[in-house]
Amino acid sequence: MSYLKIDRVVKSFAGPGGRENVVLQDVRLNVEKGEFVSIIGHSGCGKSTLLNLVGGLMQVTTGAIKLEGAEVNAPGPDRAIVFQNHSLLPWLTVYDNVKLAVDKVFGRRKSRAEKRDWIMENLDLVHMTHAMDKRPGEISGGMKQRVGIARALAMEPKILLLDEPFGALDALTRAHLQDAVMEIHARLGNTMLMITHDVDEAVLLADRIVMMTNGPAATIGEVLDVRIPRPRDRIPLSTDPTYVRARESVLRFLYERHRLVEAAE
Ligand SMILES: Nc1ncnc2c1ncn2[C@@H]1O[C@H](COP(=O)(O)OP(=O)(O)OP(=O)(O)O)[C@@H](O)[C@H]1O
């Protein structure tokens, strides 16, 4: 049994005139515990829809999603989502933003002192303890995403769902955050499912890259195993033959075999 099993999932929405708009068609994917899987595909193909289904924010039309054997059909703390926009509460400090999630998830299962230590431990993982008393308006975009990641990790989810978490950041900040996520993955061995538009990001971070065909009725076109040992360092990797080949095959998938959306635009 796979840790996360996406089994023959179809998702459709009611379109204009009562027509059914099939966004995802027969999506099948198994993710193992500790795996880092990236999902890449052209805009509008249904990546966020797939992640939202796993997050339980919407329901499958047919098929099933199971996490450790249990069917997913509602949101839950076992699946934390990090969005492109940080979604921190502006009136709370960095510490209190994380505390909110910790209180909700652990309630009385942890003492006050244990919760405090746990919040600090998670802020430390993303190197944000120095800003614990600041409010979101007082820190940079990259720092806000770090706090969002700390908040998600602090929920101790079974799987971390990342929906283009670095999409709004500049290239340098993005690189720092990618390194932070790789460091966390190495330390904690979390299972991660991440949407990205960035081919280099997908190859650098993922164990497998799931490439989606264009919509409507998008599905998984190919899955690429990224056989690059960890820890991964972006500078030597840029000329590493395995990295270059992986990058090329994703680019060929997106811009040769599945360029339909682009051509139609
Ligand atoms: N709640 C909804 N109701 C109706 N249609 C929806 C809904 N959510 C998504 N869609 C449609 O599903 C399709 C896929 O959208 P989705 O946001 O999943 O794509 P995406 O691959 O994540 O796009 P992007 O890369 O631009 O973020 C789009 O045509 C969108 O209009």
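Figure 1. In β5, the bridge partner of K66 is E71. Strand β4 (residues 62-67) and β5 pair in the antiparallel sense, over 2 bridges. Two strands count as paired if DSSP finds at least two bridges between them. Helices (H or I, at least four residues) and strands (E, at least two) are DSSP runs, numbered from the N terminus. The model is a predicted one, in which local features need pLDDT of at least 70 and side-chain atom pairs count only at pLDDT 80 or more, while totals for chains, interfaces and linings use all residues. Residues are numbered from 1 along each chain as its sequence is written.

Figure 2. Contact means that the C-beta atoms of two residues, placed from the backbone, lie within 7 Å.

**Figure 3. The shell around the ligand.** Which residues are around the ligand? They are F13, V23, G41, S43, G44, C45, G46, K47, S48, T49 and G215. A residue is near a molecule or strand if its C-beta atom, placed from the backbone, lies within 6 Å of it. Helix α1 (residues 47-55) gives the largest share of this shell, 3 residues. By type, the shell divides into 3 nonpolar, 7 polar and 1 charged. Here Ala, Val, Leu, Ile, Met, Phe, Trp, Tyr, Cys and Pro count as nonpolar, Asp, Glu, Lys and Arg as charged, and the others, Gly among them, as polar.

**Figure 4. The open sheet of 6 strands.** The order of this sheet is β6-β7-β8-β3-β9-β10, with mixed pairing. β6 (79-82) and β10 (220-225) stand at the edges, each with a single partner strand, so one side of each is left without a neighbour in the sheet. On average, neighbouring strands of this sheet are turned by 20° against each other, direction ignored. Helix α8 (residues 241-257) packs on the sheet and touches β3 (36-40), β9 (208-212) and β10. The direction of α8 makes about 175° with that of β10.

**Figure 5. Strand β9 and its two partners.** β9 pairs with β3 in the parallel sense over 4 bridges. In β9, the bridge partner of S38 is I209. β9 and β10 run antiparallel and are joined by 5 bridges. R208 stands opposite D225 in β10. Of the 5 residues of β9, 4 are buried, so the strand is largely enclosed by the rest of the structure. A residue is buried if 20 or more other C-beta atoms lie within 10 Å of its own, exposed if 12 or fewer, and partly exposed in between, with C-beta atoms placed from the backbone.

**Figure 6. L160 in strand β7.** Is L160 buried or exposed? L160 is buried, with 24 other C-beta atoms within 10 Å. L160 lies in strand β7. This strand (residues 159-163) pairs with β8 (residues 191-195) in the parallel sense over 5 bridges, and in β8 the bridge partner of L160 is M192. Beyond its neighbours within four places in sequence, L160 is in contact with A80, V82, A152, N190 and M192. L160 and I149, 11 residues apart in sequence, are 9.0 Å apart in space, C-alpha to C-alpha.

**Figure 7. G141 in helix α4.** G141 lies in helix α4 (residues 141-154). G141 counts as partly exposed because it has 16 C-beta neighbours inside 10 Å. Leaving aside neighbours within four places in sequence, G141 is in contact with A168, L169 and T173. The C-alpha atoms of G141 and F166 are separated by 9.4 Å, and the two residues are 25 apart along the chain.

Conventions: Axes are lines fitted to C-alpha atoms, for helices over the stretch in contact, and angles run from 0 to 180 degrees between N-to-C directions.
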